[in-house]
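Good morning, and thank you for coming.

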Amino acid sequence: MKLAPHLHRLGNDIVASYLIDLPEGITLIDAGFPGHWNDLQRELAALGRPMSDIRGLVLTHGDGDHIGFAERLRREAGVPVFIHAADAHRVRTGEKPKTPMGPARIGPILGFLAYGLRKNAMRTPHVSEVTEVADGDVLDLPGSPVVIGMPGHSPGSIAVHVPAADAVFVGDALTTRHVLTGRTGAQPAPFTDEPAVALASLDRLAAVSASWVLPGHGAPWQGSPADIAAAVRAAG
């Protein structure tokens with residue numbers, strides 16, 4: 001799905017990842033579920049781009065619904081996978097703390113689980129080799145992605161600012177569709193390790209200049225990062 005020049009979404013409002021299409025190559029942000037591999041193939045075919053044009057995959061954090069096809073892409077296509085050092089252990093092992101589930105409704109939960117089953121979520125492989133990044137890094141990838149530390153949802157959660165796409169990708173630093181309640185609109189994401197820390201990290205997002213804010217769950221936000229940060233705080 002094309003959102004804007006150079007900017008494409010894989011998946012849907014339940015689980016999304018993103019593709020940045022530039023003349024010098026492609027950068028991916030997050031990898032959804034394993035079954036989103038087929039979505040990636042279709043998007044590449046529509047663009048007329050080969051898999052070899054993908055220069056790197058940047059993960060916003062190490063949770064299973066963001067790392068889906070990462071290991072397959074690394075193993076089969078030799079694409080490097082980048083993640084913040086503080087989430088490197090999580091992405092390699094799947095180990096993470098238990099967090100309270102919070103409010104939930106049976107319909108949205110069943111919808112999320114059903115979508116995950118269709119996209120092979122139960123067979124998500126860990127990523128055996130990663131390149132660790134840190135806050136402030138500018139990656140040598142198409143679009144020169146800038147790493148912005150956004151701890152809270154996980155220790156190594158990041159936002160990824162790509163000025164060439166006029167977009168910032170936020171993973172689960174916030175959501176515009178709560179996967180457990182179905183509630184739409186800007187709000188804190190569920191399953192967050194440290195909710196107060198995640199809210200404090202929104203100050204860093206508010207300082208970014210972009211026209212698109214793109215979460216891992218929910219509709220794309222077309223507007224300023226400062227406005228969505230304020231909306232998340234109000235909802236929280």
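The model is predicted, so local features are described only where pLDDT is at least 70, and side-chain atom pairs only at pLDDT 80 or more, whereas totals for chains, interfaces and linings use all residues. Residues are numbered from 1 along each chain as its sequence is written, and side-chain values use heavy atoms, with hydrogens and water left out.

Let us begin with helix H1. Helices (H or I, at least four residues) and strands (E, at least two) are DSSP runs, numbered from the N terminus. H1 covers residues 36–47, and its end C-alpha atoms are 17 Å apart.

Which residues of H1 are buried? They are His36, Trp37, Asp39, Leu40, Glu43 and Leu44. These residues cover an arc of only 155 degrees around the axis, and therefore lie on the same side of H1. The arc is that of the directions from the helix axis to the C-beta atoms. As for the terms, buried means under 20% relative accessible area, exposed over 50%, and partly exposed in between, with a 1.4 Å probe and protein chains only. On the other side of H1, Arg42, Ala45 and Ala46 are exposed. Just after the helix, glycine 48 takes a positive phi of about 70 degrees.

Aspartate 39 brings us to the salt bridges. A salt bridge is a side-chain nitrogen of Lys or Arg within 4 Å of a carboxyl oxygen of Asp or Glu, and by this rule the count comes to 15. Aspartate 39 is itself buried, with a relative accessible area of 13%. One of its partners is arginine 42, with the closest N and O atoms 3.4 Å apart. Aspartate 39 and arginine 42 are 3 residues apart in helix H1, so about one helical turn separates them. In general, an α-helix has 3.6 residues a turn, so residues three or four places apart point the same way.

Aspartate 39 also forms a salt bridge with lysine 119, where the closest N and O atoms are 2.8 Å apart. This pair links distant parts of the chain, 80 residues apart: aspartate 39 belongs to helix H1, and lysine 119 to the loop between H4 and strand E7 (131–133). Lysine 119 counts as buried, at 14% relative accessibility.

Elsewhere, glutamate 76 and arginine 75 meet in a salt bridge through their side chains, at 3.9 Å from N to O. Glutamate 76 counts as partly exposed, at 48% relative accessibility.

I turn now to helix H4, which comprises residues 106–118 and includes isoleucine 106. Its 13 residues should span 18 Å at 1.5 Å a residue, and the end C-alpha atoms are 18 Å apart, which agrees. Pro108, Ile109, Phe112, Tyr115 and Gly116 are the buried residues of H4. They cover an arc of only 130 degrees around the axis, which places them on the same side of H4. The face turned away from that buried side carries the exposed residues Ile106, Leu117 and Arg118. Isoleucine 106 has a relative accessibility of 63%.

Ile106, Leu110 and Leu113 also form a nonpolar patch on the surface, with about 320 Å² of accessible area together. Patches are made of residues with over 30% relative accessible area and no salt bridge; like charges are joined within 9 Å, and nonpolar side chains (Val, Leu, Ile, Met, Phe, Trp, Tyr) within 5 Å. Accessible areas come from the Shrake-Rupley method with a 1.4 Å probe, and for residues only the protein chains shown count as cover.

Next comes the sheet. What is the order of the strands in the open sheet of 5 strands? It is E8-E9-E10-E13-E14, with mixed pairing. Strand E8 (146–149) and strand E14 (221–222) stand at the edges with a single partner strand each, so one side of each is left without a neighbour in the sheet. Two strands pair if DSSP finds at least two bridges between them. E8 and strand E9 (residues 158–162) run antiparallel and are joined by 4 bridges. Within this pair, glycine 149 stands opposite isoleucine 158 in E9.

Finally, two loop residues deserve mention. Aspartate 30 has a positive phi of about 70 degrees although it is not a glycine. Aspartate 30 is found in the loop between strand E4 (25–29) and H1, and is buried, with a relative accessible area of 3%. Aspartate 166 also has a positive phi, near 55 degrees. Aspartate 166 is in the loop between E9 and strand E10 (167–171), and is partly exposed, with a relative accessible area of 33%.

Definitions and conventions
Expected span 1.5 Å × (residues − 1).
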